[in-house]
Amino acid sequence: MSKAATTEPSKFRQTLEDANLQLAVYTATGRLMEKRREAVAADVLPEYQELRTQAHEIKKHTLDNLDYYLELFEEHVTAHGGKVVYCKDGSEVADFVLRLAKERGARLIVKSKSMTTEEIDLNERLAHHQLESVETDLGEYILQLAHQRPYHIVAPALHLTRYDVANIFTEKLGVENETVIEKQTMIARGVLRQKFLQADIGISGANFLVADSGAVVIVENEGNARLTTSAPRIHIAVAGMEKMIARAQDLPVFLKLLGRSATGQPLTVYTSFLSGPRREGEVDGPEEFYVVLLDNGRTRLLADREKRQSLYCIRCGACLNHCPVYRKVGGHNYPWVYSGPIGAVITPQYMGVGKDPWLPFASSLCGACYEVCPVKINIPKLLLDLRSEVTKFKAKERGGWAERMVFRLWAWVMRHPRIYEMMGSMAAAFFPEGEKPGWLRSVPSFMNIGPLKGWLSQRDLPRPASKSFRQHWRSRRKGGR
Amino acid sequence: MPREKILHKVRTALGRSSGQPPAAPPPVRLRIPDVPLDARIESFICALNKLNGKTCVAHSPQEVLDYAAQLCEGKRVVASNSPVLRECGIVELPNVRSNYTDADKLREACAAADIGITSADYALGDTGSLVIIASPREARLISLLPPVHLAIVPRSRILTGLDELFTLLPNPAEQTSSMVLITGPSRTADIEQILVRGVHGPREIHVVVL
């Protein structure tokens, strides 16, 4: 299965050479950028910067006191007749769902979109025990049929065309080849409508957990999350515990930012504020309500005062859309379900910096992610911190010595201008500026060894100028040219 | 117990002790602009129209009934138990079924219906949203399963926006298990970012302001 695949350089090249995919990702992210820009423009939302600061402050406060708010949340959920379940990892979540399903005789689960359940491969874990769990968000449903993981936090099937979808539907659902998007959508509606009406359990994620209300807040456009949480007898919300915010009155700040940052919508079509099972007198809604609070490494992130802010993320996807690296390499070349800048920040913290040491370096540090982040996570700063951690880790593992030597040598040369200049003129003599200035295109064989070889396989060197800047400078000061 | 273990890990990570009160939270930020009722209504209509919602301002219960009767002609319709709908005479229309108190029967009826009619507890002027609070009067599925949703909103219930809503309802959980904000018809753009309406929820939304 493609889900656990680690990233190899050949996959990057494949993505870069796939012209259709490049166009699809570039167009889609570009459109999302444009929509966000319009939605937060100063004449439309003058309070935008103020909202970002407030959102950051609320997240900071809530996470700095998370133990208090977890208990407060639990108290309210319990008071409303629901139950909070703490799980340390994915297998505990699966065990809980399986046990409950067995006790209640449940056979079918409908699921609404949740990155947290992707993170713990919940569907696969349940399928392993013959419990069917159907994704109901259109994009997620297509991906589940195709056995792929989400390409993007907000637009999971961003990389697929209508023709891909037609093939997937024909193969998996046995329907006629249908390439009209509206009709494809209606095919999915028809299949999933039956699932909604038959399902015994609905599993959702949560965009926010509201401590002073014991409420789960879910935003969506399709209505599948509403159906998931309303139609079946049992609702289970699975959420990372960092989704907590202190008060219901903090919600407007986040709701105003989330839709606008994600898709440019002032509000998504549906915002559900759910607190407990159906109450006395209410006509419909689930009879049982569970909130699964997942750790899965979050307490580790919490312990680092500086990097704790990576838990403020509200999963709007804006940093992906604006990232020059994500826009080229796409979502499937990142090692885990979280891609883009925020993925590069949280993956090493969850998995350990030694697992994919290249990841914090997959950034140009241009700062666009920080600029558009609705909760002001300083992603470039965190990437630099992680780079330093990777370097220290490598040193401890006694790896990367050659790289360290090269940089030590480089630093030494840079501190000795005369030697630097001498080396410059040597290089200029070695590669005389020919008729075609610009790039070397192929490096001489003596440089094509060891760590240099790897480095140069992805990069080219500019041809050294015949006259250096320093030489120019000196002759100018003498009055010549 | 995973609960104690996890809470202990959280406290250790934060350097806090059990039962320690939190620092003072940042002050709540809710700003209610001063917008007269007429402007709120106009803004609501304008925002909802932009989302392809259909709107109508009625000046009497009879006008509401006329709108509903025209829309519902020849259709299977489920209406909520809201007193507003009864006052307008909607529940007496020949093809409208109402007064459901059993969840299974309501679900069956909604799954087979062409139109669902509800009231709205509030509406938001700046975004064109309906706010529906689950109660004996309002169920969840009537605004969700049928492909067309008609909502009747008393004009006095149109607020400026989210900040006013959460000022009036500082904690919605105290009165309901479910509050939903509905902003336009159900939509998706998951395939090639092409907008398709009515993927899981209603493809059409009609709002009559009374």
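This is a predicted model: local features need pLDDT of at least 70, side-chain atom pairs count only at pLDDT 80 or more; totals for chains, interfaces and linings use all residues.
Helices, taken as H or I runs of at least four residues, and strands, taken as E runs of at least two, are DSSP runs numbered from the N terminus.

View 1. Of the 210 residues in chain B, 52% are buried. Among the contacts of chain B that link residues at least 6 apart in sequence, 72% join residues at least 24 apart.

**View 2. The contact between chain B and chain A.** Chain A contributes 77 residues to this contact and chain B contributes 59. On the side of chain B that touches chain A, at least two residues each come from helix 1 (2–14), helix 5 (103–112), helix 6 (162–168), strand 9 (178–182) and strand 10 (187–188), and the largest share, 9 residues, belongs to helix 1 of chain B. This side of chain B divides into 34 nonpolar, 14 polar and 11 charged residues.

**View 3. Strand pairing between the two chains.** Strand 9 of chain A (residues 270–274) pairs with strand 9 of chain B in the antiparallel sense, over 5 bridges; A:Tyr270 has B:Ile182, in strand 9 of chain B, as its bridge partner.

**View 4. Packing of helix 2 against helix 12 within chain A.** Helix 2 (residues 19–40) and helix 12 (residues 251–263) of chain A pack at an angle of about 145°, their axes lying 6 Å apart. Helix 2 of chain A takes part through A:Leu32, A:Lys35, A:Arg36, A:Ala39 and A:Val40, while helix 12 of chain A supplies A:Arg260, A:Ser261 and A:Thr263. The residues of this contact comprise 3 nonpolar, 2 polar and 3 charged.

Key
Residues are numbered from 1 along each chain as its sequence is written. Chains are lettered from A and ligands numbered from 1 in the order in which they are written. Axes are lines fitted to C-alpha atoms, for helices over the stretch in contact, and angles run from 0 to 180 degrees between N-to-C directions. Two residues are in contact if their C-beta atoms, placed from the backbone, lie within 7 Å. Ala, Val, Leu, Ile, Met, Phe, Trp, Tyr, Cys and Pro count as nonpolar, Asp, Glu, Lys and Arg as charged, and the others, Gly among them, as polar. Two strands pair if DSSP finds at least two bridges between them. A residue is buried if 20 or more other C-beta atoms lie within 10 Å of its own, exposed if 12 or fewer, and partly exposed in between; C-beta atoms are placed from the backbone.
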